[in-house]
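Look over the fold below. The report covers the sheet, the nonpolar cores and the aromatic pairs.

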Amino acid sequence: MPSDELSELPVPNLDKAPQCYDNEIDELDANCQQLARDFLRETPAIREQSLAQLRDWIAKHPNIKRCRTDARFLLRFLRTKKYSFINASQMLERYLACRVVHPHWFQRLDIEDREMCELVDAGFLYPLLEKDARGRTVIFGDAGTLDPKQFTIGHGSRMHMLVGETLYDDASVQCAGFVLIYDLSGITMGMLGLVTLNDIRDLATYLNNAVPMRIQELHFVNTPSLALKIANYTLAVINEKLRNRIMCHRNWEDLHKKIDKRLIPQEYGGVHPKADHIAAFKQRCHVYRKPMLALDDMEFEVTRDLEYCKKSTIGEIETGTVGSFRKLQLD
């Protein structure tokens, strides 16, 4: 579909207690219905009750001033946390706080921003055209396209948020989750120099506690030895469930044993050229542009007594925590 025929989605209502709530949701296919029922404990009654409970919590929360309350947005958190109200509300609270504390990472998600558009065109990160056999959305990243002379870790984070925010409202994504594939062959010392231990800790805290994203598998391909130290620091501060879903591959042939190679870009052994995947993603970014920009207008008051605003020290990363798991090694 040509980009001039695309229509942007409307700006969502940010009134924390609107007179009428937006209850429109996507119809689940048979696969997602089974996943929602068997793994997320979802039934129509539980979904309706949980949405009402979360909306009431938002309306009464003194720190939340403006927030989306539509069903698609709230189901991100309810489905990620398998309809545990306490866990879902905590994740939503942390999601809102992170957007305030780190605006340079999580705001201005605009495909018309020159730097964002350049990273998209370069193929830094994008969802692939087809889902895998289990209905999971596959995201592909090429770390070597992040020029350290032009971009920062903030640009990389915003790119991840740009991809995520075009997908988080999708019911199939909420139910089946994600598979992420990163090509690390182009990483240089200059790129690694962009990342500090504080960045690793803060990003890991967000990934652990605030991202409404069900990551099912995380694949790293062609990991250079110079990146292993950064990788092991990162593993030290992410939760055990995610850590156990990380796989490293020496080359693309090894990846093909785990991932259907027809899904990935043609340049890596797949069917569709990289340019086709990127073009489809750019179109999706244009469709979701207004809702993504509206996220910056949500308002949340961050106060010092909030538990998730307290930061751990670098010493916690550098001491026993790192030794509590098997580190990544290259043969």
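## Burial and the model

A residue counts as buried when its relative accessible area is under 20%. Tyrosine 268 has a relative accessible area of 14%, so it is buried. Phenylalanine 140 has 0% and is buried too. The model is predicted.

## The sheet

Five strands form an open sheet in the order S2-S3-S4-S5-S6, and the pairing is mixed. Strand S2 (125-127) and strand S6 (246-249) are the edges, each pairing on one side only. Neighbouring strands are turned by 15° against each other on average, direction ignored.

Strand S5 (residues 215-221) and S6 run parallel, joined by four bridges. Across this pairing, phenylalanine 220 stands opposite cysteine 248 in S6. Helix H7 (residues 153-165) packs on the sheet. Helix H7 touches S2, strand S3 (137-142) and strand S4 (178-183). The direction of H7 makes about 10° with that of S2.

## Nonpolar cores

The largest nonpolar core has 82 residues. Leu92, Tyr95, Met159 and Ile181 have the most contacts inside it. Helix H4 (residues 85-101) gives the most to this core, with seven residues. Both domain 1 (30-105 + 294-301) and domain 2 (114-288) supply at least three residues each.

What does leucine 92 contact, leaving aside its neighbours within four places in sequence? Its partners are Leu54, Trp57, Ile58, Phe73, Leu74 and Phe77. A second, separate core has six residues, including Ala36, Leu40, Ala171 and Cys175.

## Aromatic pairs

The whole structure holds 10 aromatic pairs. In one of them, the rings of tyrosine 126 and phenylalanine 140 have centres 5.8 Å apart. Their planes lie at 35°, so the pair is tilted. Tyrosine 126 sits in strand S2 and phenylalanine 140 in strand S3, 14 residues apart. Tyrosine 126 and phenylalanine 140 are both buried.

Phenylalanine 140 also pairs with tyrosine 268. Here the ring centres are 4.8 Å apart and the planes at 50°, so this pair is tilted as well. Which parts of the chain does the pair of phenylalanine 140 and tyrosine 268 tie together? Phenylalanine 140 lies in strand S3, while tyrosine 268 lies in the loop between helix H13 (252-256) and helix H14 (274-287). The pair therefore ties together parts that are 128 residues apart in sequence. Tyr126, Phe140, Trp252 and Tyr268 form one aromatic cluster.

Terms used: Residues numbered from 1 in each chain as written. Predicted model: local features only at pLDDT ≥ 70, side-chain atom pairs only at ≥ 80, totals over all residues. Heavy atoms only, no water. Pairing = 2+ DSSP bridges. Helix = DSSP H or I, 4+ residues; strand = E, 2+ residues; numbered from the N terminus. Axes fitted to C-alpha atoms, helices over the stretch in contact; angles between N-to-C directions. Contact = heavy atoms within 4.5 Å. Core = buried A, V, L, I, M, F, W, Y, C linked by side-chain atoms within 4.5 Å. Buried < 20%, exposed > 50% of the residue type's maximum accessible area, 1.4 Å probe, protein only. Domains from an automatic or database assignment. Phe/Tyr/Trp six-rings, centres within 6.5 Å; stacked < 30°, edge-to-face > 60°.
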